[in-house]
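Subject: Structure handover

Hello,

Here is the structure I promised to pass on. Please open it first, then read my notes below.

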Amino acid sequence: IEQNITINSFEKYKINPVLSPKRIIEMQQLTKKISHSDKIKEYIVDIVNSTRQHQKYGIKMGKYIELGSSPRASISLFIAAKADALLKWDVYIKPQHVKDVAFDVLRHRIILNYTGQAEGIKSEDIIAEILSKVPIP
């Protein structure tokens with residue numbers, strides 16, 4: 001216990017910043033400017049909603065969900081899709097941007113029930129089915 005209480009500085013590890021704080025803020029501002037359509041917003045809401053109303057979307061693995069994603073997941077998915085578009089030099093969100101970030105955004109926002117846990121189901125399995133069944137705009 002006592003050996004692990006030493007706090008070292010970044011300099012000791014020779015960690016160099018990749019971006020300056022100013023550049024990070026600039027990129028955040030650019031991300032806000034990525035455009036989107038109402039259909040993309042609906043797509044994002046449908047994806048998140050399918051974690052709570054799986055029958056409506058025909059998500060068979062939904063039976064393993066104890067607790068689906070909250071509306072805050074929609075906000076996170078929206079922001080992450082914008083950031084993904086920026087990183088790929090696109091000026092608007094495409095459905096593929098949403099799909100590309102969906103696993104990272106939703107993975108910890110889907111709580112499995114005991115049956116799902118006992119059967120070794122992973123939230124990634126459910127997300128994959130959701131992305132294959134929620135209609136793309």
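Which residues of the largest nonpolar core touch the most other members? They are I47, L77, V98, L106 and I126, out of 30 residues in that core. Helix 2 (38-49), helix 4 (71-87), helix 5 (95-106) and helix 7 (123-133) each give two or more residues to this core. As background, nonpolar side chains tend to be buried together in soluble globular proteins.

Before you go further: this is a predicted model.

**Overall layout**

The protein has seven helices and two strands. Along the sequence they run α-α-α-β-α-α-β-α-α. The C-alpha atoms fill a box of roughly 55 × 45 × 20 Å along the principal axes. The radius of gyration is 19 Å, whereas a compact globule of 137 residues would be near 14 Å. Of the 137 residues, 34% count as buried.

Contacts also reach along the chain. Take the contacts with a separation of 6 or more: residues 24 or more positions apart account for 71% of them.

**Two residues inside**

Start with L106, one of the core residues that touch the most other members. Leaving out residues up to four places away in sequence, L106 touches I47, V48, S69, A73 and I127. I47 is itself on the list of core residues with the most such contacts.

Next, S74. This residue sits in helix 4. Is S74 buried or exposed? S74 is buried, because its relative accessible area is 15% and the cut-off for buried is under 20%. Its contacts, again without residues up to four places away in sequence, are I44, V45 and V48.

**The surface**

The protein exposes about 9,400 Å². Carbon and sulfur atoms supply 58% of that area.

Which residues make the nonpolar surface patch of about 290 Å²? V18, L19 and I24 do. L19 lies in the segment before helix 1 (21-32). L19 counts as partly exposed because its relative accessibility is 38%, which falls between the 20% and 50% cut-offs.

**In brief**

Then go to S74 in helix 4. Finish at the patch of V18, L19 and I24.

Best wishes

Conventions. Residues are numbered from 1 along each chain as its sequence is written. This is a predicted model: local features need pLDDT of at least 70, side-chain atom pairs count only at pLDDT 80 or more; totals for chains, interfaces and linings use all residues. Side-chain values use heavy atoms; hydrogens and water are left out. A nonpolar core is a set of buried Ala, Val, Leu, Ile, Met, Phe, Trp, Tyr and Cys residues joined through side-chain atoms within 4.5 Å. Buried means under 20% relative accessible area, exposed over 50%, partly exposed in between (1.4 Å probe, protein chains only). Helices (H or I, at least four residues) and strands (E, at least two) are DSSP runs, numbered from the N terminus. Contact means heavy atoms within 4.5 Å. Patches are made of residues with over 30% relative accessible area and no salt bridge: like charges are joined within 9 Å, nonpolar side chains (Val, Leu, Ile, Met, Phe, Trp, Tyr) within 5 Å. Accessible areas come from the Shrake-Rupley method with a 1.4 Å probe; for residues, only the protein chains shown count as cover. A salt bridge is a side-chain nitrogen of Lys or Arg within 4 Å of a carboxyl oxygen of Asp or Glu. The radius of gyration is taken over C-alpha atoms; the globule rule is 2.2 Å times the number of residues to the power 0.38.
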